[in-house]
Amino acid sequence: MKNIRLTITIVCTLLAASCKGPEPVVYGSAPGAIKKPKNVILMIGDGMGLAQISAAMYHNKNKISLERFPVIGFHKSYAGNNLVTDSAAGATAFACGEKTFVGAIGMDMDSVPMRTILEQAEDHGLATGLVATSTIVHATPASFIAHRHSREMYEEIASDFLKTDIDLIIGGGKYYFDNREKDDRDLYAELEAKGYMVDDYFKTDFFTVKPDLNRNFAFFTANKQPLTAAAGRKYLPFASRLAVDYLSGRNKEGFFLMIEGSQIDWGGHANDGEMVIQEVLDFDRAIQRVLRFAQRDGNTLVIITADHETGGLAINPGSIMGDIKTAFTTNGHTAALVPVFAYGPCSQYFAGIYENVEIYHKMKEALGFTDQEIEAVTSSSR
Ligand code: MG
Ligand code: ZN
């Protein structure tokens, strides 16, 4: 009897497995044997292509912490309507898993909002966070939390933050919350009324701040854009460490965190090689902090990539270690393949060459989120 029941169980399990539809690509070992992470940290160096990484590494005594990542891949960064993408379509591909038009924030080609990986993490009871060295309403962080057809809609994007229960926000852009031109809402006060501990650079030295693990946390590092690293901005490594400590201390089911080194891209737009190098090295110090946490934790998947390359950067003849001669082909973005570095459980998913939208699907697979669950949540909130 026992044997028959066992046989039936096995047959049913096999049937269920075979009825699931197309099997996902098997990444490495057999399905079921893969250890899944509890936490996912996606770090985006905006505009950080291979030459940006190389220039920073050779400038920095031939060392960069990206060398410690065991899994490396490349993604195809192009947008839904342009081979050369921007940060909005680029980050929306990571956040939502679809190629969209340049300028779109969390929306598909038909301007239909898509539930982002951060929102899905919220749905699943995970803690969530966004950290940036631009305003927090800028295209890259915005694409993980807002749904707008234009990246320029900063005030509307700020109001989208209030529609979520994101646990942690660190970045510039206080102005779009409490000094609004299109309405007289005070979103700073609204965040406080929602129970957030809200603070800013004007009132408090960020390096002394102690978030309360029982409350959501928002810190504005600038009224509009934060300084460049060269002008003295130092908070990203500290903020990254604070974010992982805080989010892991929230004792939820795990966490999803996006950290952006926002201004590597701006160095590229300005064709300023020194700025690119300083911004990559600042981002790299944040990567070191995150990697240290992930190594200790053992349950954290860390992914480092860029939305696109900026500037068509080259390291020209005449360069030596410590003194890099940079040159640029454009003050815009380029469509070169973008490197991806991964560490931790499910990092093996990120080897190879794939579309940028696959980053979303791989993160989702690692976190164990299914489309059925997302459909249930979206239709119930419609
Ligand atoms: Mg950006
Ligand atoms: Zn750019």
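Predicted model: local features only at pLDDT ≥ 70, side-chain atom pairs only at ≥ 80, totals over all residues.
1. Helix α10 (residues 264-269) holds both D265 and H269, which are four residues apart, about one turn of the helix. D265 is buried at a relative accessible area of 5%, whereas H269 is partly exposed at 32%.

2. Water is not among the atoms, so sites may look incomplete.

3. Magnesium site. D46 (OD), T140 (OG1) and E260 (OE) coordinate the magnesium ion (ligand 1) at 2.0 to 2.2 Å. The donor spacing in sequence is D-x93-T-x119-E. Distant parts of the chain are linked here, with T140 in helix α5 (residues 139-142) and E260 in strand β7 (residues 255-261), 120 residues apart. T140 is buried, with a relative accessibility of 0%, and E260 is likewise buried at 0%.

4. E119. Where does E119 lie? This residue belongs to helix α4 (residues 117-123). E119 is buried and yet has no salt bridge, the nearest side chain of opposite charge being that of R115 at 4.1 Å. The side chain of E119 does reach the backbone nitrogen of T116, at 2.9 Å. Apart from neighbours within four places in sequence, E119 contacts M114, F144, I145 and H147.

5. R115 and D123. R115 does form a salt bridge with D123, in which the closest N and O atoms are 2.7 Å apart. Both residues are partly exposed: D123 has a relative accessible area of 32%, and R115 one of 25%.

6. Further salt bridges. The count of salt bridges comes to 17. One of them joins the side chains of K36 and E365 (3.9 Å, N to O). This pair links distant parts of the chain, since K36 is in the loop between α1 (2-18) and β1 (39-45) and E365 in helix α12 (residues 357-367), 329 residues apart. K36 is partly exposed at 36%, as is E365 at 28%.

7. A buried pair. The side chains of D167 and R250 meet in a salt bridge at 2.9 Å, N to O. D167 is in the loop between α6 (154-161) and β4 (168-172), and R250 in the loop between α9 (235-249) and β7, so the bridge ties together parts 83 residues apart in sequence. D167 is buried at 0% relative accessibility, and R250 is buried at 14%. Elsewhere, R148, D160 and K163 are joined into one network by salt bridges that share partners.

8. Positive phi angles. Most residues other than glycine have a negative phi. S111 has a positive value, near 60°, and sits in the loop between α3 (87-96) and α4. C346 has a positive phi near 75° and lies in the loop between β13 (338-343) and β14 (352-355). S111 is partly exposed at 33%, whereas C346 is buried at 1%.

Note on methods. Residues numbered from 1 in each chain as written. Chains lettered and ligands numbered in written order. Heavy atoms only, no water. Helix = DSSP H or I, 4+ residues; strand = E, 2+ residues; numbered from the N terminus. Buried < 20%, exposed > 50% of the residue type's maximum accessible area, 1.4 Å probe, protein only. Lys, Arg positive; Asp, Glu negative; His and termini not counted. Salt bridge = Lys/Arg side-chain N within 4 Å of Asp/Glu carboxyl O. Polar contact = N/O pair within 3.5 Å; in protein donor to acceptor, adjacent residues only side chain to side chain. Contact = heavy atoms within 4.5 Å. Donors = N, O, S within 2.8 Å, 3.2 Å for Na, K, Ca; no water.
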